[in-house]
Amino acid sequence: MNVKIYEPLTQSSEMQSAAPADGAATAATNAEAASSQGAQPSAAPTSAPMVTEGRVQHSPYVTVPQDVLTAIEDAQLWQGQTVTAKPMSGGLTNENWKVIDAQGTPYFLKVPGQGTGFIDRSNVDAGTLRASDLGIGAAVYEFDAASGVEITEFLDGWRTCTTTSLRTQEEGLQAMRIYRMLHGGEPFANTNTLFDQIDLHLEQLDDHAIDVPSWVHGLIDEYHDVKARFLASGLDIVPCHNDPMPGNFMVKDHTMRIIDFDFCGNNEESCEVALFIAEMFYDDEDMMPLLEEYFGSVDEQHLARVRAARVIGDIKWGLWGIINSVVRTVPFDYWKYGIWKLMRAYTYKNQLDWPKVKESI
């Protein structure tokens, strides 16, 4: 069994005793269109007796999937003890659970979801570890390379960020500082540029014979043109997170952490910044302080690359949503999400002097 066991960090008494605040969360995924980190465990009446399956206790109102039971039973961290499992709502890519061990210590368990075999879980673990080492992420306790199951620190007392909170200058600038720290490190073993991701999604559209509206084909043509211009100009490749969903940012006492590294890899730096700005609905005027925080000073090329990356970033996540509407069965309207992202790309492109943006890349 290819399992990495990481030395547990000693949690402070504050963290051990703190009750989860509204939106308290953990380290794990989103990647996701609506991130699971930060979601609260589903509530059940406190008087209900717990059900025990093997070494796993849970509410009688909760069904624990077999793959989650297996992950808990196989985890080296919890061998020889009975643990309590509570589902975390909001995850769209993985099965996410809060697991409390016999000593009352909470952990975050992430079990890969259906249709996510294209995600290299070893890369996910490497990204999570990098953030932990930099002091901007959650601690990692165990990772099973064969199954992709990961056990990380449960961030009790941390507040999950929202689109609204990340539009404040305090949190927006904090996010840019986190990106600078992450981007300043050694490259990841894998390169996963925005262009690589979109090319993969285009292959998946063909593989699953998915039809898209006719106007989407025009966006795809624009993507190919933008990609060619970026490659001709040269990519500024740095280690990136690649998934700026609001729930992937956590704050406590004016300190921010970033979690959920399912899509991490080396990428063009402007793509990372642009994805964040688009996700938080910054307009061209409001985004300038963030660009100045990240780049130091902003020239015409910086601005053009960020604007172009905003368009193709929405194309990427739009295609992701459409594909997941076919390959996944969770109760979330992926098709609606995907079409909305693609429509936003179409609308923003038409608001720009698009030929000039492309010339300045």
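Two strands are taken to pair if DSSP finds at least two bridges between them. Strands (E, at least two residues) and helices (H or I, at least four) are DSSP runs, numbered from the N terminus. With that in place, Glu 95 stands opposite Val 111 in S7.

Colleagues, a word on the basis of these values. The model is predicted, so local features need pLDDT of at least 70 and side-chain atom pairs count only at pLDDT 80 or more, while totals for chains, interfaces and linings use all residues. Residues are numbered from 1 along each chain as its sequence is written, and side-chain values use heavy atoms, with hydrogens and water left out.

I begin with strand S6. S6 (residues 94–100) is joined to strand S7 (residues 106–112) by 7 bridges, and the two run antiparallel. Their hairpin has 5 residues between the strands, and Gly 104 there takes a positive phi near 85 degrees. S6 is also joined by 4 bridges to strand S5 (residues 83–87), again antiparallel; here Thr 84 has Ile 100 as its bridge partner in S6. Buried means under 20% relative accessible area, exposed over 50%, and partly exposed in between, with a 1.4 Å probe and protein chains only. Because 6 of the 7 residues of S6 are buried, this strand is largely enclosed by the rest of the structure.

In the loop between helix H2 (66–74) and S5 we find Leu 77. What does Leu 77 contact, leaving aside its neighbours within four places in sequence? With contact meaning heavy atoms within 4.5 Å, the partners of Leu 77 are Tyr 107, Tyr 141, Glu 142 and Ile 151. Leu 77 and Tyr 141 are 64 residues apart in sequence, yet 7.8 Å apart in space, C-alpha to C-alpha.

I turn to the nonpolar cores, each a set of buried Ala, Val, Leu, Ile, Met, Phe, Trp, Tyr and Cys residues joined through side-chain atoms within 4.5 Å. The largest has 61 residues, of which Phe 249, Phe 276 and Ile 315 touch the most other members. Helix H10 (residues 300–327) gives the most to this core, with 11 residues. Beyond four places in sequence, Ile 315 touches Leu 219, Tyr 223, Leu 342 and Ala 345. A second, separate core has 20 residues, including Val 64 and Val 83.

Next, the aromatic rings. Rings of Phe, Tyr and Trp (its six-membered ring) pair if their centres lie within 6.5 Å; planes under 30 degrees apart count as stacked, over 60 as edge-to-face and the rest as tilted. The count comes to 18 aromatic pairs. In one of these, the rings of Tyr 179 and Phe 276 have centres 6.1 Å apart and planes at 90 degrees, so the pair is edge-to-face. Tyr 179 belongs to helix H5 (residues 169–183) and Phe 276 to helix H8 (residues 269–279), so to speak of distant parts of the chain, 97 residues apart. Both residues are buried.Ring pairs also link a cluster that includes Phe 263, Phe 281, Trp 317 and Trp 340. A charge sits over a ring if NZ of Lys or CZ of Arg is within 6 Å of the ring centre and within 35 degrees of the ring normal. Lys 316 lies over the face of Phe 263, at 5.6 Å from the ring centre, and Arg 344 over that of Phe 281, at 4.9 Å.

Finally, helix H11 (residues 334–351). Its buried residues include Tyr 337, Leu 342 and Arg 344. Among the elements that cover the buried residues of H11 are H8 and H10.
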